[in-house]
Amino acid sequence: MRILTIVLASLLISYTVSAQYPGGQWSGGKNQSMTGTMYGKIINGNTEKPIGYASVQLFGSKYDSASRQMVDNVLISGMLTQQNGDFLLENVPVKGKYTLKVTIVGFKPHEQVVAFDMKKNEDGSPNMNAFEKDLGNIVITVDNQVLANVVVTTEKPGLQLGIDRKVFNVSKNLVSDGGTAVDVMRNVPSVNVDIDDNVTLRNNAPQIFVDGRPTMMELADIPADAIESVEIITNPSAKFDASGGSSGILNIVLKKNRKVGYNGSIRTSLDSRGAVGLGGSINVRQNKINAFVSINYRQRKSNSNGTTDRFSSITDPNYEQHQTDISNWKGNFMFGRAGFDYFIDNRSTLSASLNIGSGKFNPFSSNEVLTTVLDSPSYDSLTKRVTHSNRQFNRKGFSLDFKHNFPKAGRELTASADYGTRTGPSDNLLTTDYYNSDLTTINYTNAQRQIGDGIGHRFTVRTDFVNPISENSKMEMGVRAQFNNNESTNGYYDVDANTGEINPVATTYNSYKSNDRVLAAYATFSNRINNFGYQLGLRAESSNYKGDLMTTNEKFNIDYPISLFPSIFLNQKMKGDQELQLNYSRRINRPNFWQLIPYIDSSDILNPSVGNPGLQPEFTNSFELSYQKIFKNKDNFLASVYYKNTNALISRYQELRTLPGTGKEQLINTYINANSSYVTGLELTMRNKLTKWWELTTNFNLFTSKIKIDNQTNTNQDQFASWFAKINNSFRVSKDLSFQLSGNYRSKTVLPPGGSGGGGGGGGHWGETSNAQGYVKPVYSIDAAVRYSFLKDDRASLSMNISDIFRTRVSDIHSEAPGFIQDSFRRRDAQVLRINFSWRFGKFDKSLFKRKNNKQDDNGGENFEVGGMN
């Protein structure tokens, strides 16, 4: 009898699907909704035991491409429950509500209305589990309560505004096609990127996350095509890592697909510098396994030039210097990612992933310095330096994750372990020609090899638990431990300019080791009373840093046994889709490896630099008041007033030192802890759907900052107001053709108050950190792109983008200190044109996955095509 019931139910489901869509060829195409997953367990109400082989069907409305009308009471998905009562309905559009029907011989038919719950969390943040609906234990002898319904748009907007974060959808950002995460960041609201790929969030260096966790990857290592979205969190709560100091978090969410069947994409690009890019990805989902692999290869060809003018009164007589610079980078890098998800049951998932990035580069730079000594009479000297470099990097990251959803909605347990490693050997040949007074003949030549190497390891474990106490309140808690170990060596060796032989004895050699660990625990409580919500959080962290400069036997130890980081979020919902939030948090910014490492880098003759292993962490108190209004046409307006006060600010600093190996006194760039600083500002963000074909996103930030430093020999920078603005226009000319025009402007700005601790934020070792003695001059740039989609369901696309159309994206910095004034100007990679091609594929095909046990079809007989990754 049971076998007969199973057969009849399977035939009924298969017939219904076939009747609605003969041949299984229905596809949503361009208008296909975002899809999610519904799952649960069928329970016998009398015995409280699970029921296997019950028929579970989901009915709703669907768009019929033939009649071009919505059809009601269509079978969306269906299956027979497993022996343990579990069922899993996949590829369910999140738009609208559905009727779930459960039937089995001997039990009363059961029906209930179900829908995806897209409500926000109590702190105003988006519900990250909204696309996975746990229907819980369904007792089929009684009716269950009707679940709430929320309607969402069928297409993700380019920017989703939330009261505590913004979500930037990368697939809408045409100007970053074929580029890297750096190109993506140039269009993200609240974010600025300089020409050296250093990223700032509200004029401070942020903490960079990838998939919700810190990373050892640089932004330039991550292909834009691998990114799904970027989350901008300006004032994180106690749940998040307290690192990041005076800025917030940029979380890069990589693409991942769990649709049944197989899907993927192939991509290629070519730019006007002759740099080629190739990439591909594939995702396979069958039964309890979801596996994915992606690989990207990209050539890097970068050109820059600049000038530096300096006046110095440190020595007697005074002198003036003019330096011209030319730099060319050639090389390539690869980024690979692979992993799997194992669905233990409907409520438990085990995931593992591996990220690998590697690259080889051959930079070339030329510096020419003309010095005019202002003596009586004055005279000139000329020095030319050429640097040939070979650099490599290898970065690997492995993560293991476990997630369990309890039958009670919203209760979940997660655990993860991450391990990352990096290496970065480099070999630089510096050849310096010193000219005679006629400035045409060479007096003598000095050649040196700078050979360095380094390796780093990071290990992190964490677990989090979410427990809803009632419908309006919940507790969250977790623990985390992170361990970092770094080793680095750096040496200068004399080279015979004629024979090229290297002296095996280094003129300067340093070997440095460091390790640090951070132990943390947090708890938050959220509650809502009518339209008022609040979240109280407290995070405790214990940190220790140890450094050992082995060549001089110097040791450094920075210990903070316990540091407390509270957070408070108050939220008030008002009439007319308005929302008001006030929040406070305390955070820490620990100096990064390059700020601590005590090696002098003199590859730039006028601007040698060195880290400071004695740097202390900086602590920041942040306040933010935000207002959001959602208009009837779904336009969004978000306004935020913020204030950040930082103590022991990590600041870039210039001082006079004697350079080892030369005995000469020279100004050198380093880092110190300033007394304090503050940043206050107003940020406005607006997303407007002006017409059906035109979407406009505007971001404006007005701010001022002040750094206080206790050093009477240095002059503090005068305080002034600064602002920057971004405008992003997206035009949908037709169903296949789209345009994008983006522009940004930054006014005269104090060099960002706040160090670049946290890592992963920039493209260079130096970083764009604060300087109490300088400012950046105004700069603007404009980018444009066009994309044409073709083939069935827009599976192929051809795009073209151009960056810095008017060659205005430059670095123009003025700096002062007692005894010198300097102006530095650089331009890099202006007017780069890139052409990109992408092809998506994917289909669910039963013939690819032969089943040994055919008594159950997890997909209710469906044979729908599934779209690939964007």
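This is a predicted model: local features need pLDDT of at least 70, side-chain atom pairs count only at pLDDT 80 or more; totals for chains, interfaces and linings use all residues.

Q: What share of the residues is buried?
A: Buried residues account for 53% of the 870 in the protein chain. The accessible surface comes to about 37,500 Å², and 56% of that belongs to carbon and sulfur atoms.

Q: And the contacts, what percentage join residues at least 24 apart?
A: That's 69%, counting contacts between residues at least 6 apart in sequence.

Q: Let's go inside. Which residues touch the most other members in the largest nonpolar core?
A: Met-185, Ile-227 and Ile-252 do, in a core of 27 residues. The elements that supply two or more residues to this core are α2 (181–185), β10 (191–193), β11 (199–201), β12 (207–210), β14 (227–233) and β15 (249–254). The largest share, 4 residues, comes from α2.

Q: Pick Ile-252, then. What does it touch?
A: Leaving out residues up to four places away in sequence, Ile-252 touches Ala-181, Met-185, Ile-208, Phe-209, Val-210, Asp-211, Leu-219, Ile-222, Ile-227 and Ser-229. Apart from that core lies another one of 22 residues, including Ala-54, Met-79, Ile-104 and Leu-135.

Q: Asp-211 was in that list. Where does it lie?
A: Asp-211 is in the loop between β12 and β13 (213–214). Its phi is near 55°, which is positive even though the residue isn't a glycine.

Q: What about Arg-807, what's its phi?
A: About 55°, again a positive value in a residue that is not a glycine. Arg-807 lies in the loop between β43 (796–803) and β44 (810–817). It has 37% relative accessibility, so it counts as partly exposed.

Q: Speaking of which, where's the cis peptide bond?
A: It joins Ser-376 and Pro-377, with omega about 0°. Pro-377 is in the loop between β21 (364–373) and β22 (379–405).

Q: Switching to aromatics. How many aromatic pairs does the structure hold?
A: There are 21. Take Tyr-434 and Tyr-444: their ring centres are 4.6 Å apart with the planes at 15°, so this pair is stacked. Tyr-434 is in β24 (426–435) and Tyr-444 in β25 (442–468), so the pair ties together parts that are 10 residues apart in sequence.

Q: How accessible are Tyr-434 and Tyr-444?
A: Tyr-434 is partly exposed at 22% relative accessibility, and Tyr-444 is partly exposed at 43%.

Q: Which residues do ring pairs link into a cluster?
A: Tyr-262, Trp-839 and Phe-841.

Q: Last topic, the surface. Which residues form the nonpolar patch?
A: Phe-532, Leu-536, Ile-568, Leu-570, Met-574, Leu-580, Leu-582, Leu-625, Val-641, Leu-682, Leu-702 and Trp-723, with about 910 Å² of accessible area together. Two or more residues each come from β28 (532–549), β29 (554–574) and β30 (578–589).

Q: Which element gives the most to it?
A: β29, with 3 residues. Leu-570 lies in that strand, and at 32% relative accessibility it counts as partly exposed.

Terms used
Residues are numbered from 1 along each chain as its sequence is written. Side-chain values use heavy atoms; hydrogens and water are left out. Patches are made of residues with over 30% relative accessible area and no salt bridge: like charges are joined within 9 Å, nonpolar side chains (Val, Leu, Ile, Met, Phe, Trp, Tyr) within 5 Å. Accessible areas come from the Shrake-Rupley method with a 1.4 Å probe; for residues, only the protein chains shown count as cover. A salt bridge is a side-chain nitrogen of Lys or Arg within 4 Å of a carboxyl oxygen of Asp or Glu. Buried means under 20% relative accessible area, exposed over 50%, partly exposed in between (1.4 Å probe, protein chains only). A nonpolar core is a set of buried Ala, Val, Leu, Ile, Met, Phe, Trp, Tyr and Cys residues joined through side-chain atoms within 4.5 Å. Contact means heavy atoms within 4.5 Å. Rings of Phe, Tyr and Trp (its six-membered ring) pair if their centres lie within 6.5 Å; planes under 30 degrees apart count as stacked, over 60 as edge-to-face and the rest as tilted.
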